[in-house]
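Here is a protein model to look at.

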Amino acid sequence: MKGLETILAMGTMAVVTAVPAMGATESEGAAAQHALFVMTNDADSNEIVAFERAPNGTLQSPRKYSTGGRGSGGTVDPLGSQGSLTLSDDREFLFAVNAGSGTVSVFRVFGAHLALTDKVPSGGSEPNAVEQRGNLVYVLNTAGSSSVVGFQLHEGRLARISDSLRFLSANFVNSASL
């Protein structure tokens, strides 16, 4: 598929996550829609590319969704992170870090379709990874005074947890994920 080859050749893909569609019943079985999400990490306009994944594994119908932020750019994975694009435990939300603009975007997942529900400051500089458990979301910021910051998730919106900022042992921490 030419579109996928182009994205892979760009080398700016941060993370890939495969998910089953929301609302699929067991009776739908293999016919249930699945998706694959890729983040471009583009320095001018970070985007999520969503592919529909057929039961035989082929990818089709790519759609682009703006995160409302900027990536860090580059031609290889400059984030060096496995957690820069994270699907929530219940597969209802997709979280994306915008390293270039210091923000985190939240999308509601509808199969292979996304709807941006929130974009908030990461609480530090150059967010590189995001992790979620229940209604808690933590963001790793890796530039300057490296830190971890906590948020609460409520109906697709993030609210920073008071006094949750914790500085790490060194500046410019290079972590693979939280």
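Q: How many salt bridges does the structure hold?
A: The structure holds six salt bridges. This is a predicted model, where local features need pLDDT of at least 70, side-chain atom pairs count only at pLDDT 80 or more, and totals for chains, interfaces and linings use all residues. Residues are numbered from 1 along each chain as its sequence is written, and side-chain values use heavy atoms, with hydrogens and water left out.

Q: Why is the pair Glu 52 and Arg 63 called a salt bridge?
A: A salt bridge needs a side-chain nitrogen of Lys or Arg within 4 Å of a carboxyl oxygen of Asp or Glu. The closest N and O atoms of Glu 52 and Arg 63 are 3.0 Å apart, so the pair counts.

Q: Where in the chain do Glu 52 and Arg 63 sit?
A: Glu 52 is in strand 3 (residues 47-53) and Arg 63 is in strand 4 (residues 59-66). They are 11 residues apart, and the pair links distant parts of the chain. Strands here are DSSP runs of E with at least two residues, numbered from the N terminus.

Q: Why is Glu 52 called buried?
A: Buried means under 20% relative accessible area, exposed means over 50%, and partly exposed is in between (1.4 Å probe, protein chains only). Glu 52 has 18%, so it is buried.

Q: What makes Arg 63 partly exposed?
A: Its relative accessibility is 28%.

Q: Why is Arg 133 called exposed?
A: Arg 133 has a relative accessible area of 52%, over the 50% mark, so the label is exposed. Asp 89 has 44%, so Asp 89 is partly exposed.

Q: What makes Arg 166 and Asp 163 a salt bridge?
A: The closest N and O atoms are 3.9 Å apart, which is within 4 Å, so the pair counts. Asp 163 is exposed because its relative accessible area is 63%.

Q: Why is Ser 122 called buried?
A: Ser 122 has 0% relative accessibility, which is under 20%, so Ser 122 counts as buried. Its place is in the loop between strand 8 (113-121) and strand 9.

Conventions. Helix = DSSP H or I, 4+ residues; strand = E, 2+ residues; numbered from the N terminus.
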